[in-house]
Amino acid sequence: MQLSMWTYPWDVQDLGFEMVERDLVERAGLNMISLAASYHAGRFLQPRSPRRKAYFPEDGTIYFKPTAARWADLAIQPKVADVISQGGDVLGELVRRRDANGLGVSCWTVCLHNTRAGMLYPQVVTRNAFGDPNYYNLCPSHPDARAYVRALVADVTHTYKPDRIELESPSFMSFAHEYHHEKDGVGLTAEDDFLLSLCFCPSCLARAAYAGIDGEAARKLVRGWIVETCDRAVPAPRFPDFPNGSFDTFRPWPELYDFLLWRFEPVTSLVAELRDVADPGTRVLIIDLKDGWLGGCDLAALGQACDGAILCAYDMQASDVADLMATGRATLGAEKFLGTGYRLFHPEMAGPDILAAKLKPALAAGVDGINFYNYGLVPAARLDWVSAARSV
């Protein structure tokens with residue numbers, strides 16, 4: 001079983017390779033590190049760093065040294081994060097240490113969540129039913145966005161040859177995604193957030209039309225519903241059980257239902273392209289959540305397009321984890337990689353007993369891997385919880 005922990009390059013730089021390896025292997029009992037190869041912005045509390053207690057990573061940068069020839073003539077160009085250009089190639093050193101019988105190496109790779117690129121190239125971002133841009137989400141239908149992610153995956157896997165690459169956000173993103181100082185005075189419901197996340201950019205409309213789908217009709221319906229939402233004095237959901245009904249909720253509106261069925265295509269085909277361009281020796285996995293359909297992720301189709309999935313069990317009770325793993329295995333099949341991910345944040349994980357209870361159904365289901373979030377963001381004592389929880 002692959003047992004890994006999501007980790008940022010600056011954690012390794014701040015604490016040192018030897019300490020990180022001791023922590024992951026000896027304290028947590030893990031055999032792999034999932035290092036961010038590309039990432040978005042944020043503000044992170046760094047409880048163990050001897051250099052800083054708060055860190056603001058650069059938005060939309062990569063954490064490896066790119067091969068110039070792979071990016072020649074592409075519209076969207078990568079930016080190497082300063083912590084790498086100034087502080088050294090962490091991924092390269094981890095791979096060298098792996099080859100000397102060290103930890104396995106996975107590249108945790110954010111694909112289309114990139115505000116830096118979205119601001120520089122607004123023509124490639126998703127757009128809602130009113131044409132408003134979501135600068136934080138490059139659109140999986142846009143050829144330039146797809147070319148950027150293909151180059152990203154091809155470059156890091158062929159140059160560094162990690163054991164696996166974990167694809168985060170190769171899909172459509174929600175409207176509410178913690179953009180800087182988000183404001184919502186309406187009180188958007190879950191369905192409202194979903195409707196505002198639907199992309200009707202020119203690339204999506206053209207790609208849908210090529211498949212025989214009238215995206216413009218879907219856009220008009222969604223636009224009208226959003227107007228109604230904004231006119232209400234207080235929120236009033238149309239579908240109180242949303243999103244439990246999946247996209248079947250929208251069957252009575254065939255123009256939207258057909259568009260939602262089509263919406264899986266750009267995500268699935270992009271992931272298939274990423275599997276094709278990745279180094280053959282690197283396993284390609286997607287990171288997804290329970291209701292992945294909200295972002296255009298069809299787990300069955302994605303399982304055919306790549307090597308498997310890591311289904312995150314965030315904010316779930318033990319019974320929910322069991323259901324998630326059973327559904328994941330039934331959907332992917334026995335031959336595909338099935339992993340899960342746990343967040344070590346308080347109060348979600350209030351102690352090792354809570355973690356053990358949530359780990360138990362995943363271990364019983366015979367998963368192929370478990371990831372934990374996140375090495376640099378939690379106190380060192382929680383690393384001991386991981387090893388203790390697995391031995392219960």
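**Helix packing, core and selected residues**

The crossing of H14 and H15 is right-handed, a crossing being left-handed if the near helix is turned anticlockwise from the far one by less than a right angle, and right-handed if clockwise. By class, the contact of H14 with H15 has 7 nonpolar, no polar and 1 charged residues; Ala, Val, Leu, Ile, Met, Phe, Trp, Tyr, Cys and Pro count as nonpolar, Asp, Glu, Lys and Arg as charged, and the others, Gly among them, as polar. The structure is a predicted model, in which local features need pLDDT of at least 70, side-chain atom pairs count only at pLDDT 80 or more, and totals for chains, interfaces and linings use all residues. Residues are numbered from 1 along each chain as its sequence is written, and side-chain values use heavy atoms, with hydrogens and water left out.

Helices (H or I, at least four residues) and strands (E, at least two) are DSSP runs, numbered from the N terminus. Helix H14 (residues 318-332) and helix H15 (residues 352-364) have axes that come within 8 Å and cross at roughly 20°. H14 is therefore roughly parallel to H15. Axes are lines fitted to C-alpha atoms, for helices over the stretch in contact, and angles run from 0 to 180 degrees between N-to-C directions; those under 35 degrees count as roughly parallel, over 145 as roughly antiparallel, 65 to 115 as roughly perpendicular and the rest as oblique. On the H14 side, Ala318, Val321, Ala322 and Met325 meet Ala357, Lys358, Pro361 and Ala362 in H15, contact meaning heavy atoms within 4.5 Å.

The largest nonpolar core holds 125 residues, of which Tyr342, Leu355 and Phe372 touch the most other members. Such a core is a set of buried Ala, Val, Leu, Ile, Met, Phe, Trp, Tyr and Cys residues joined through side-chain atoms within 4.5 Å. Leaving aside residues up to four places away in sequence, the contacts of Phe372 include Ser4, Trp6, Tyr342 and Leu355.

Aspartate 368 lies in the loop between H15 and strand S13 (369-373). With a relative accessible area of 27%, Aspartate 368 is partly exposed; buried means under 20%, exposed over 50%, and partly exposed in between (1.4 Å probe, protein chains only). Beyond residues up to four places away in sequence, Aspartate 368 touches Met1, Gln2, Arg329, Lys336, Phe337 and Leu338. Histidine 142, in the loop between strand S8 (133-138) and H7, is buried at a relative accessible area of 12%.
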